[in-house]
Amino acid sequence: MILITRPKKETAELAQILKKKKLKTFQEPLIYFKYLKKKIINKEDKIFIVASVHSINAINIKINQKNIKQASFVVIGDNAAKEIKKIGVKNILLVADNGNQLLTKIKQRKKYISKEFEFLCSNIYNKDFVSSLKIVGLKVKLNFVYRTYPKKTMSNNLVRAVKLNKIKIAIFYSEFTLSVFLTLAKKHGFSKQMLFQIQFLCLSKRIGSKLTKKNLDVYWPSKPNQKAMLSLLSAIY
C-alpha cells in the first residue's frame, strides 16, 4: 500500500488519482490547519508571496476580496498559481517551482528590489527561503494567515500496517509532515528495520535529505510538482 500523509482534502484527491492507476492507498493525514481571519492590507509598492493553497484559502474572505484582486503576487507552486487565479487575482508577477527559483527570478528583476514583500504563510514556513530574501536586501514581512498543527498520534490501523510491512511507499509533500511522521514513528516504537522496508517518496531534495541522513530508501523527482512525483512513483512501484 501507498501511505498518503497530506491534509484531509489533498489526501482524498491524491488517493482518487492513484485509485485510477489501480494503486491501493492508506490515507492518514498527519497535520491539520486553522485559518485565521486576518485583513490583508494592500499598497502600491507591496508584493505578496504565497506558497500554499491554504494561504489562498485563508485570505479569500469577504473583507479581503477587493484588496486581493487589486494586489500583486508572486507564487510558489503550480497548484497555488491555479487556485489564486480562481479567486480573481490578475496581477501574478512571477510563478516558481520552489523558493530558490523564485529568489532567482526576483533578483533578475531589479525593479522588485525596492518593493515591500509580505509572505502570507503558516506558523510553519520555509525559514531558509525567508533568510535568503533578506540576505539579498529585500524587505520581507511575515503574515501568519493560518496555523499548522501536528497530529498527536497515529491510528491503530496505520501502526498495524507498518508493523506488518503492508506500507511499501510513503509520500511526503513537506518537511513538517515528515518530521511529524518520524516523531510518531518513534512514539509508536517503529524499529529501524520497519522503516528500512518503506520506500519514501518526497516532493523535493530538501525534504528527502533528512531521510538520506538516516540511510533510508528515499526518492524525489527532478521537479517539485505532483506530475513529476507521480511519474517517479510509476518508475519505482
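Start with the six strands that form an open sheet, in the order β3-β8-β7-β4-β5-β6, with mixed pairing. The model is predicted. Select residues 31–35 and 91–96 next: these are the edge strands β3 and β6, and each pairs on one side only. Look along the sheet for its twist, which averages 25° from one strand to the next.

Now pick β4, residues 46–50, and β5, residues 72–76. The two strands run parallel and are joined by four bridges.

Is asparagine 143 buried or exposed? Its relative accessible area is 9%, under the 20% cut-off, so asparagine 143 is buried. Show its contacts, leaving aside neighbours within four places in sequence: Lys38, Ile40, Glu118, Phe119, Leu120 and Cys121.

Move to the other sheet. Five strands form an open sheet in the order β2-β1-β9-β10-β11, and the pairing is parallel. Its edge strands, each pairing on one side only, are β2 (25–27) and β11 (217–219). Neighbouring strands here are turned by 25° against each other on average, direction ignored.

Select β9, residues 169–172, with β10, residues 199–202. Four bridges join these parallel strands. Isoleucine 171 stands opposite leucine 201 in β10. What else does isoleucine 171 touch? Not counting residues up to four places away in sequence, the list is Ile2, Leu3, Thr5, Leu14, Leu201 and Met229.

Bring in helix α10, residues 205–212. α10 lies across β9, β10 and β11, and runs at about 155° to β10.

Next, colour the largest nonpolar core, which has 43 residues. The members that touch the most others are Ile167, Ile171, Phe181, Phe190, Leu195, Phe200 and Leu211. Helix α8, residues 175–187, gives this core its largest share, six residues.

Finish on α8. The helix has 13 residues and reaches 18 Å from its first C-alpha to its last, close to the 18 Å expected. Show its buried residues: Thr177, Leu178, Val180, Phe181, Leu182, Leu184 and Ala185. Then step just past the end of α8 to glycine 189, which takes a positive phi of about 75°.

Note on methods
Residues are numbered from 1 along each chain as its sequence is written. This is a predicted model: local features need pLDDT of at least 70, side-chain atom pairs count only at pLDDT 80 or more; totals for chains, interfaces and linings use all residues. Side-chain values use heavy atoms; hydrogens and water are left out. A nonpolar core is a set of buried Ala, Val, Leu, Ile, Met, Phe, Trp, Tyr and Cys residues joined through side-chain atoms within 4.5 Å. Buried means under 20% relative accessible area, exposed over 50%, partly exposed in between (1.4 Å probe, protein chains only). Contact means heavy atoms within 4.5 Å. Two strands pair if DSSP finds at least two bridges between them. Axes are lines fitted to C-alpha atoms, for helices over the stretch in contact, and angles run from 0 to 180 degrees between N-to-C directions. The expected span of a helix is 1.5 Å times one less than its number of residues.
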